[in-house]
Amino acid sequence: MNGLKPVEELELTDDYMFMAVMRDEEICRELLERLLKIQIEKVEYPELQKEIRPYYESKGVRLDVYVKDSDHIYDIEIQTYHDKNLAKRTRVYQSMIDADNLMRGQDYIELKESFVIFITTFDPFGYEMPVYTFKNICKENKEIILQDETSKIFFNATAYKKESDIAIRRFMGYLLNKEPTDDFTRKLDNLVNSIKSNKQFRKGYDNMGAVWYMDAKREGIALGREQGISIGKQQGILQKSLDAAKKLLVRGLSAEEISQIVELPVSQVEQLSRQAD
């Protein structure tokens, strides 16, 4: 058992599948054009799980799909669980992208326009809007936009029926219903099904599950020892198990699977899940 759902059940909204689909440059470009209503001549090869850590001691970030063209940078994230820190995550992602792209000696004008895009299968702000776009504006005069060329955009698939743009509506509808309704979503659906049967993908997915399993075991048990010296060995182990369980909940594993991995009662894992909602 590797703690992951069977590969046959993977959907576009699953991280590993989403990244595999976004490896296709044309699909990635077409998705960006559809979501942002722009034309992109060519994108550089998408970087998947790009890690940015400006300093050794600082907290780094790992971006799902990182894409550039000549004048823009795009970070595309797929999100299926409600993270209360989503807004502050975009703040950190934006700052890390800027720090990564402005070398010492460069002028600020050389910063590319950047977009942090979250595609979610839940309503991140609770206003039942299909799209939430945030830019920095002047509080005293909302017609004045700070020309920092940054945008943070959330696409709420649960409200796809309210979206007036038919191309965006069909894409978000596909995320929820798994039914393609136009050429683009049919291409997505065909690619998802094709990837599932790819031997290299299946092997990579299985290997990733094994890594997650071992990481969870280490975090849930072994890494609790050092903390346990000062606060009691059993308490330290329990806390690390709880922390590991929370991380696995974020990855979408069931309470039963997590219970087996971190050796906590199912009822305790379910309580953690309720607290995170």
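Analyst: Quick one before we start: "contact" means heavy atoms within 4.5 Å. Keep in mind that this is a predicted model.

User: Why does Glu-33 count as buried?

Analyst: Buried means under 20% relative accessible area. Glu-33 comes in at 14%, so it counts as buried. You'll find Glu-33 in helix α2, residues 25–36.

User: How do you know that the side chain of Glu-33 makes a polar contact with the backbone nitrogen of Ile-40?

Analyst: The cut-off for the N or O pair is 3.5 Å. Here a polar atom of the Glu-33 side chain lies 2.7 Å from that nitrogen, so the pair is within the limit. Leaving aside neighbours within four places in sequence, Glu-33 is also in contact with Ile-38 and Gln-39.

User: What makes α4 and α5 "roughly parallel"?

Analyst: Their packing angle is about 30°, and angles under 35 degrees count as roughly parallel. That's why α4 and α5 get the label. Their axes are 9 Å apart, and α4 passes α5 in a right-handed crossing.

User: And which residues meet there?

Analyst: Arg-170, Phe-171 and Tyr-174 in α4 meet residues of α5, among them Phe-184, Leu-188 and Val-192.

Definitions and conventions. Residues numbered from 1 in each chain as written. Predicted model: local features only at pLDDT ≥ 70, side-chain atom pairs only at ≥ 80, totals over all residues. Heavy atoms only, no water. Helix = DSSP H or I, 4+ residues; strand = E, 2+ residues; numbered from the N terminus. Buried < 20%, exposed > 50% of the residue type's maximum accessible area, 1.4 Å probe, protein only. Polar contact = N/O pair within 3.5 Å; in protein donor to acceptor, adjacent residues only side chain to side chain. Axes fitted to C-alpha atoms, helices over the stretch in contact; angles between N-to-C directions. Parallel < 35°, antiparallel > 145°, perpendicular 65-115°, else oblique. Left-handed = near helix turned anticlockwise from the far one by under 90°.
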